[in-house]
Amino acid sequence: MKARLESGKVVKYNTIPNILSNSSKSITNANVASDEVLEEFGFFNVVVPEYNIETQAINNLHFDNTINAFTYDVVDASAI
């Protein structure tokens, strides 16, 4: 799964659109493009952290510069 920031919100993509464009270029067959090319268009992997489903939950999908991907925070389930 990929995600990118759009108008200040994180949007998840199960499938990359076939045609992508930004201010500098457009590409076709984007759904088979390399991760490097997709990153030029703002698409990065979504990394789901390990957590205990019985006692924890994930929320707040955000970009993490440390891993260069989108990820979630892990919180106590009672905190939600």
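This is a predicted model: local features need pLDDT of at least 70, side-chain atom pairs count only at pLDDT 80 or more; totals for chains, interfaces and linings use all residues.
- An open sheet is formed by 5 strands in the order β2-β1-β5-β7-β6, with mixed pairing; strands are DSSP runs of E, at least two residues, numbered from the N terminus.
- At the edges stand β2 (9-13) and β6 (56-64), each with a single partner strand, so one side of each has no neighbour in the sheet.
- On average, neighbouring strands of this sheet are turned by 35° against each other, direction ignored; the axes behind such angles are lines fitted to C-alpha atoms.
- β5 pairs with strand β7 (residues 69-76) in the parallel sense over 2 bridges, where pairing requires at least two bridges found by DSSP.
- Strands of a sheet pair through backbone hydrogen bonds, either parallel or antiparallel.

**Val46 in β5**

- Val46 belongs to strand β5 (residues 44-47) and is buried, with a relative accessible area of 15%; buried means under 20% relative accessible area (1.4 Å probe, protein chains only).
- Leaving aside neighbours within four places in sequence, Val46 is in contact (heavy atoms within 4.5 Å) with Met1, Lys2, Ala3, Leu61, Phe70 and Tyr72.
- The C-alpha atoms of Val46 and His62 are separated by 9.2 Å, and the two residues are 16 apart along the chain.

**Arg4 in β1**

- Arg4 has its place in strand β1 (residues 2-6).
- The side chains of Arg4 and Glu6 are joined by a polar contact of 2.7 Å; such a contact is a pair of N or O atoms within 3.5 Å, and within protein one must be able to donate a hydrogen and the other to accept it, while residues adjacent in sequence count only if both atoms are side-chain atoms.
- A polar atom of the Arg4 side chain also lies 3.1 Å from the backbone oxygen of Phe41.

**Nonpolar cores**

- The largest nonpolar core has 8 residues, among them Tyr13, Leu38 and Phe43; a core is a set of buried Ala, Val, Leu, Ile, Met, Phe, Trp, Tyr and Cys residues joined through side-chain atoms within 4.5 Å.
- A second, separate core of 6 residues includes Phe44, Leu61, Phe70 and Tyr72.

Technical notes
Residues are numbered from 1 along each chain as its sequence is written. Side-chain values use heavy atoms; hydrogens and water are left out. Helices (H or I, at least four residues) and strands (E, at least two) are DSSP runs, numbered from the N terminus. Buried means under 20% relative accessible area, exposed over 50%, partly exposed in between (1.4 Å probe, protein chains only). Axes are lines fitted to C-alpha atoms, for helices over the stretch in contact, and angles run from 0 to 180 degrees between N-to-C directions.
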